[in-house]
Amino acid sequence: MFRNVFKSGIRAAYNVSDTATFHTECWAVYPAKHKQTGRIVSVFIFDKTQFESLVNRICAQSPNTKNPKLITAECFSLVKAGVSNLAKHKHPQILTVIESLEETKLKFIFVSEPVVGNLQTVKLDEGSTLEIQKGILELSKGLQFLHNVCGMIHMNIQPTSIMINSLGDWKLSSFYFLQSLDTVDPDGRENFSIMNMSSVVPFANLNFSFVAPELIIDSTGLRLSPANDIWSLAQLIFYLHNDGECPISCFDANSVNEYKQVFRKFEQKFYNHRLSELRYIFKNIPEGLWQILTQMLARYPNDRLTINQFIDSDYFERSLIKTMWFIDEFGTKTLGEKIIFLDGILESTGILADLPSSFKHNKLLPLLVDCITTELASTTTKPLCEEVNAFTSKAFTLVLMIGESLSKLSFQDRIFKPLLTVIRSKKVTKSPLELMAASSVKNRLVIVDNLAILKQKLNSKDLAAVWKALLTFSLTYMPVEGDSQADQIRLQDSYLGSLDKVIEIFDFSYIKNDLLPLICLVFKTTTVLSTKLSTIETFKLLVTRKLIDQGTIVEVILPVFENLKSRDNRIIRSVISYFVVQIESDIIKQLDISVERLLSQCLRLAFACENCTQSEFQDFMKTIKSMENTLAQKRLDELPSKAKPAAETEGPVSFDSLINSALIKGQSETGEVPKHTIMKPTRDFSKSMNEESKSFESRPQAIVNNTGASAKPLNLGNRTPLARTNNHDYSITLNGQNQGMKGSSFGSTNRNLDNINLLQDRTRGPSNSASNTKIPPGFSNTTLVPSLVTKSKENSEVDLI
């Protein structure tokens, strides 16, 4: 976490982490972020209290040392001079100081560019020969600047003085022993002695394992010269290739006597031998570097290579090293040079594959992302010019190729958020993806063409958001991009072809309301054959995967085909094949739609085809015939194998058949809503009541019993009919005679006549006259009982009871 308890100085302006990234010499290096700008930096902190305790312990163990306070003061002066020298010298291969040294009562503090470690704390990848080669070139460029431009000698080339920044670049630092040749005369160079800089504190001394022999052993001749750094650089190369082992390795790095003994052994083994005999000394060093190392490790300074000769040597002639160096100087190149460079990498895939992964991820990828965002931000109101358009599209392609080797989380943070997210920030009106898509057709093509990478690295939600945002940009033509018409056509075809891989992540409402209408619009308006065929294939895709329903097909897709004007045989073949897929999908359940709209459309297109051959027309007809057979088979499957019995056809005879009948469902067999049946009287009221009564009496009477068979007429003798009473008694006319029944069933005519007599005896009140009484409709003058109609099972004649 970051602490914020200081009111002034560096720690007040930066949020400094509580945990150090690494320690080097007496410095603790912390990651930090500027509070206002958000810039990521590294904060170097030198704890004076801890250092004073260290000096006191050393002095207590060595009684012949100087006063601890004097040693501490000398070291503090060395620290101040080293940071000051570092801040004065500005070069890409020298550690950049952002905030100069700040001294407090307890600490020294300064701020640098973000670093992740030094060559002692960072473990290089196995087989990182190319990475070492590139790093050595960077150090050589820094030394070249010091030697040729500044007239300085570093004097302290060793693993702890080489910092590695967040981009993977190697930077010179630890300028504690920097010597200026301009301030030292020739005599001073010959009499120069490093013993004047000795101290009991390790970091305040030179590491003898990397010091040139003339500075320790020789008493005469040239001592101080740029050749001192060449020797140290050669020792560093040996150290890097052999896992930290040096040819001159002293147990006590500050012991002169031990150094002399070790060097004499090395001198006997190394000098005056053929290269082939030095294999056991060089060990893991590449054989192509042996000759150069023997010249860099020459015994006397004048015999060694200069830094310019070393840079120009065959060691750095490999194309990969030159490629990496070009990328280091990418910002200084023209736009045309950048485009040529990107073309070379894209055309030669081996170059990108051979580059160290740390270099691609930490240096090349951030560089390209920054270049793309910078170019897009500068042209937000109009399309990119041709040169910038070519650069951004090629750079974006290379970014996605590098991103393929990233983890999903790293891809999300380093590529998706700065370039592809649809979320808009508060400061800009367009999201990064909108800027990317609106700027150029080529950029859209890059996204669509690299769907496989995006599908692998993004979750379904983010991928769907990207493809939805690209829908309108990809399927509509922008008039301002007249020079990109061919690219726009290819973009439409590529986008439609990509739907096969992403269509499953779209919801039904989006497909129906957004995607499908725009595809139909493209089909109706485009004059490009490939695009029209691609839209038909998209329709097939939607139907095959059953992503649309019957209503959508009938209302949206079929009208598009019915209005088709083209009679090209390729389009007709594709349309007919779509109809085959549609029939086989069984989405449309109603066969009449398929028969009336699909088959007729197929026949119309087949007979209207203008440029088809006989064999093609025959293929069309065979396909249509197979469709007919499929529909006919479906219809046969719906029909019963045998006719239903008459009783089953008259109406529902069970509970299940009743509730499943069409009328219960609210739909008749004809598909119409049923109407209410109007109730009608059972008699013909156009006749007078007397005529009705006479005709009724003159008809032959029959009684149907409960079994459905006609019952024999009852002979009631001389019994007289009963009149209606106030007790609502009813009388039944049987063969011209009446018999009263109270609340009895009209079907129970086989009852005992004694019951009828009993009902007659219970009748009260006088009889009503039939001649003057007004009788309600539906009743006769001889009876007040409604006519009952039954249907005979034998002859289906209507009988009146």
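Author: Gladly, and let us start with a definition: a charge sits over a ring if NZ of Lys or CZ of Arg is within 6 Å of the ring centre and within 35 degrees of the ring normal. This is a predicted model, where local features need pLDDT of at least 70, side-chain atom pairs count only at pLDDT 80 or more, and totals for chains, interfaces and linings use all residues. Residues are numbered from 1 along each chain as its sequence is written, and side-chain values use heavy atoms, with hydrogens and water left out.

Reader: What makes Lys532 a charge over the ring of Phe523?

Author: The charged end of Lys532 is 4.4 Å from the centre of the Phe523 ring. Lys48 also lies over a ring face, that of Phe76, at 5.6 Å from the ring centre.

Reader: Why is the pair of Phe523 and Phe561 called edge-to-face?

Author: Rings of Phe, Tyr and Trp (its six-membered ring) pair if their centres lie within 6.5 Å; planes under 30 degrees apart count as stacked, over 60 as edge-to-face and the rest as tilted. The centres of Phe523 and Phe561 are 5.6 Å apart and the planes stand at 80°, so this pair is edge-to-face. Phe523 belongs to helix α22 (residues 508–525) and Phe561 to helix α24 (residues 550–562), so the pair ties together parts 38 residues apart in sequence. Helices (H or I, at least four residues) and strands (E, at least two) are DSSP runs, numbered from the N terminus.

Reader: How many aromatic pairs does the structure hold, and why is Phe46 with Phe108 edge-to-face?

Author: There are 41 aromatic pairs. For Phe46 and Phe108, the centres are 5.7 Å apart and the planes are at 65°, so the pair is edge-to-face. Phe46 is in strand β5 (residues 40–47) and Phe108 in strand β7 (residues 107–112), 62 residues apart. Ring pairs also link both into a cluster, with Trp27 and Tyr176 among its members.

Reader: How do you know whether Phe46 is buried or exposed?

Author: Buried means under 20% relative accessible area, exposed over 50%, partly exposed in between (1.4 Å probe, protein chains only). Phe46 has a relative accessible area of 0%, so Phe46 is buried. Phe108, at 0% relative accessibility, therefore counts as buried. Phe523 and Phe561 are both buried as well.
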